[in-house]
Amino acid sequence: GVQPADGGDKAVAVDKTIPQTVFRASVPGVLRNDPRYYTFVVLNNILGGNLMTSRMGSEIRDKRGLAYYAYSEAGGFEHTGFMTMSFATRNAQAQEAVGIFMDILRQLRDKGATQEELDESKRYLTGSFPLGLDSQNSLAEYLDSMQRYRLGIDYLAKRNHLLEAVTLQQVNALAKELFTHKPLLVMVGPHSEGAHQ
């Protein structure tokens, strides 16, 4: 598949006079048909997918009050895979926030997730799944994606089992692989300096 390149040592800085600095970052991910896709989904949830308990939400927003929002999303498609991360902060705190963000990626890469984070992530992903199918529209979209990615007619019954089977060793091996890449980081705000911390 086609994979995004490393972001390099500098952020892409867009100088705009706005009340807060907005960050978007991405690293290469996992294709939708890769056997590690479910590990990818769990890792994303630990990083920033679950707004209540994720590393980004906890470290950037809750503990330090540096961001109004902080989350990540896993994009696994047929020909490319990527993980995107987003947060925004007051302009005066921009460099501090990006430093904490880079530390989160380094810590997941070097030390990995914990068993508690893995268990919480799997509980969230399996427990919240039915809530995402609560309308005709959302169910139709999900059935469409099942057909597009050739997941099989029994996928709705198998999906939670595939997530439950993900191990801590798999999550931490994938974190080491993905977060070795320097993220492509875009900062939009006044006088964005753009240096990785």
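I began with helix α2, residues 55-62, and found it mostly covered, with 6 of its 8 residues buried. I take buried as under 20% relative accessible area, exposed as over 50% and partly exposed as in between, with a 1.4 Å probe and protein chains only; helices (H or I, at least four residues) and strands (E, at least two) are DSSP runs numbered from the N terminus. The buried residues of α2 are Arg-55, Met-56, Gly-57, Ser-58, Glu-59 and Ile-60, and what covers them includes the helices α1 (37-49), α3 (94-111) and α4 (115-127) as well as the strands β3 (69-76) and β4 (81-90).

I kept in mind that this is a predicted model, in which local features need pLDDT of at least 70 and side-chain atom pairs count only at pLDDT 80 or more, while totals for chains, interfaces and linings use all residues. Residues are numbered from 1 along each chain as its sequence is written, and side-chain values use heavy atoms, with hydrogens and water left out.

Next I looked up Gly-112, which lies in the loop between α3 and α4 and counts as buried because its relative accessible area is 9%. Leaving aside neighbours within four places in sequence, I found Gly-112 in contact (heavy atoms within 4.5 Å) with Arg-55, Gln-107 and Asn-172. Gly-112 and Asn-172 are 60 residues apart in sequence, yet 4.9 Å apart in space, C-alpha to C-alpha.

Last I turned to Thr-39 in helix α1, which is buried at 6% relative accessibility. With neighbours within four places in sequence again left aside, Thr-39 is in contact with Val-166, Gln-170, Val-171 and Leu-174.
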